[in-house]
Amino acid sequence: MQFGAGVVGEKSGVLMDWNVSTAYKNLKDMEPKSVMDVALIPNMDPIDNRKCKFCGQIYSISTATGNLGRHLSNRHPGYDKLDDSISTPGSQAIIVIKKPQIQPKTSHIEPEHLNWLLIKWLILASLPPSTFEEKWLSNSFKFLSPPVQIWPTEKFQAVLHEVFRSMRDDIRCMLENVSSKVSITLDFWTSYQQIFYMSVTCQWIDESWSFRKFLLDISRVPSPCGSAEIYHTLIKVLKFYNLETRVLSCTHDNSTNAVLACHTLKEDLDSQKANPFCYVPCAARTLNSIIDDSLRSTKLVISKIREFALEMNSSSEMMEEFIQFTTTYQEGNWKFPLDVSSRWSGTYQMLDIVRKAGRSMETLIRKYEETHGRLLLNSAEKNAINIMHSYLEPFYKTTNDICTNRLPTLGLVLFFMDHISETITACRESRHTPDWLKNAAVDMAGKVRSYNDQVSNIFTYMTAILDPRIKIELIPESLNLENYLEEARSHFVRNYSTTHFASVTMTYGSTQESEDGGGVNVSFAEEIARKRRRASMGTATDELTQYLSEPPAPIPIDVLEWWKVNSGRYPRLSVMARDFLAVQAAAVVPEDLFCSKGDEVERQKESLPYSSMQAILCVRSWTESGMKLKYKSTEIDYERLMELVENGGGGFEKKQK
């Protein structure tokens, strides 16, 4: 039915005008049509209309004589005097306005290209190719465009593995041109198929002082998954990328087998007289384990608070009431949904609810006491939560800083861990600390000592002092041994005073030839060589001495930017800094361990099948690092594909407006 436009809303007492030509319809025309029938109905021509010249209001031609006249009188009084060219509606010629037909745009790409978009989706969502075995998913695409043919699972699998091989070869070529040493990190997990995996990630700092990071491989560790199997799997990855002689450090996940595998790797590299090598425990996992010890005695209380938060997240009514109570009681602003994950960020928010919004929480629980009364906390439980919140606040600030820092260097993390150690010691020695917390602090202190024992070596010392924010002044006391400084000087002079500078190397070479060649000028040549050696060593040593004599830089500065600016002052020392500042304090991304984001990351890793685990996780990591998806020798231009789809290509028809 066609209604007279403009009648409704003008005056409440005016009846709606009916279009006489469409007032009656036979029953056949009134029958409901199915969804498929509607899709086949051709586009109808626009109905002829009359338009107000002043405001553009459109009226049906069948009712325009009366409605347009009333509109002009009510909305534009004196219209007949404003413009002589405007006549009364009755005498005005009928103007028929037709909208131009929108021509559908020609498809520029084949429906086949949809499969390449689906490949990208599989990778970014970490889904297996078997996802498309679900018929209703493929039917959904066919509903939008019948010509679409979704690849079978086998083809998705084959294409995915070819993409993986092509991109891996590019990374291999890229790493061959890296001039600095590299550091690696190891992480382990077990999938739903009970397959034990190891990820190997490579980090370095390039010539422009940009931090670079690439996942090298996701490898299956064969049974029995011990240290020997980890070692051989790791060596295989390093040899494939030609990195076995260029690795400076390995940060592991603190497991016994990983430690033994790294120790074997160090012995192997030492026997080959390759570059110095060290292995470092994961500070993030150590800190997470320490926090778990502290929460041991309050887990039951925290679980009640988490259940309360879950109930609020699932009820909009409870959310609104909680926000009203916190506003009334001035207990802060709360963002929903609340983080209820069992990771540290969620657990600390559970403490926050009692500490900062305890009155609102109790009021809301009492309102729903019949169903949630069991969640009420008694005075002892509230007191325990308040004590725990105060005690763990430095831990929360530490993890938050590590997660948000652009480059959490080993030196900075050691600085934080030293503060954590002091916090635990103060808790144990305080007379006001309850026994249950002191007992937890004993276990926490033991893990801190174990971590300090593992990181107390010359390599971590050199890494720490090369952070301009730390240097010697802020280095932990347990690491600041007098002989370490002399060893650091010796390492610097031996490995960085000449190796990276051709002119000095040539001097050393010519001197050595004189020493070995003999002749009448041997004594004179030897004297010259000794002077040059002393000068070279003095220059190199002076760089380190000058650097350490200056006060530490402010903590908020960008470490890499500082070295980029000051590398001209310390040309040799900056080369050493590029190597050692790439040593990682954590084997995993701290945010993935401490924050709720890690739940999704773990689910993806554990749920992928063996047939696609390596390809999907590696390609996803590489694309997130800025690499283009590549199939054999061709890069897939997804930006161009999306442009074509938005312009009507790809087999999808844009809706006519």
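A helix here is a DSSP run (H or I) of at least four residues, and helices are numbered from the N terminus. Met 642 sits in one of them, helix H27, which covers residues 638–646. The model is predicted.

Is Met 642 buried, exposed or partly exposed? Its relative accessibility is 37%, so Met 642 counts as partly exposed. Now look along the chain. Met 642 and Leu 117 are 525 residues apart in sequence. In space, their C-alpha atoms are 8.7 Å apart.

## Helix H5 against helix H7

The crossing is right-handed.

Which residues meet? H5 brings Asn 115, Trp 116, Leu 118, Ile 119, Leu 122 and Ile 123. H7 brings Phe 156, Val 159, Leu 160 and Val 163. In this contact of H5 with H7, nine residues are nonpolar, one is polar and none is charged.

## Helix H10 against helix H15

Helix H10 spans residues 283–295, and its axis comes within 11 Å of the axis of H15. The two cross at roughly 165°. The crossing of H10 and H15 is left-handed.

On the H10 side, the contact uses Leu 287, Ile 290, Ile 291, Ser 294 and Leu 295. On the H15 side, it uses Met 388, Tyr 391, Leu 392, Phe 395, Thr 398, Thr 399 and Ile 402. The residues of this contact of H10 with H15 divide into nine nonpolar, three polar and no charged.

## Salt bridges

Side chains of opposite charge can pair when their charged atoms come close. How many salt bridges does a search of the whole structure find? It finds 26. One of the pairings stays inside one helix. Asp 270 bridges to Lys 266, with the closest N and O atoms 3.5 Å apart. Both residues lie in helix H9, residues 256–271. They are four residues apart, about one turn of the helix. Asp 270 is partly exposed at 41% relative accessibility, and Lys 266 is partly exposed at 23%.

Asp 187, Arg 285 and Lys 605 form a network: salt bridges link them.

## Bridges across the sequence

Glu 307 pairs with Arg 374, and their closest N and O atoms are 2.2 Å apart. Glu 307 is in helix H11 (residues 299–314), while Arg 374 is in the loop between helix H14 (369–372) and helix H15 (379–404), so the bridge ties together parts 67 residues apart in sequence. Glu 307 is partly exposed, at 28% relative accessibility. Arg 374 is partly exposed too, with a relative accessible area of 48%.

Lys 367 and Glu 321 also meet in a salt bridge, at 2.4 Å from N to O. Lys 367 belongs to helix H13 (residues 344–367) and Glu 321 to helix H12 (residues 316–328), so this pair ties together parts 46 residues apart in sequence. Buried means under 20% relative accessible area, so Glu 321, at 9%, counts as buried.

Methods
Residues numbered from 1 in each chain as written. Predicted model: local features only at pLDDT ≥ 70, side-chain atom pairs only at ≥ 80, totals over all residues. Heavy atoms only, no water. Salt bridge = Lys/Arg side-chain N within 4 Å of Asp/Glu carboxyl O. Buried < 20%, exposed > 50% of the residue type's maximum accessible area, 1.4 Å probe, protein only. Axes fitted to C-alpha atoms, helices over the stretch in contact; angles between N-to-C directions. Left-handed = near helix turned anticlockwise from the far one by under 90°. Contact = heavy atoms within 4.5 Å. Nonpolar A, V, L, I, M, F, W, Y, C, P; charged D, E, K, R; others polar.
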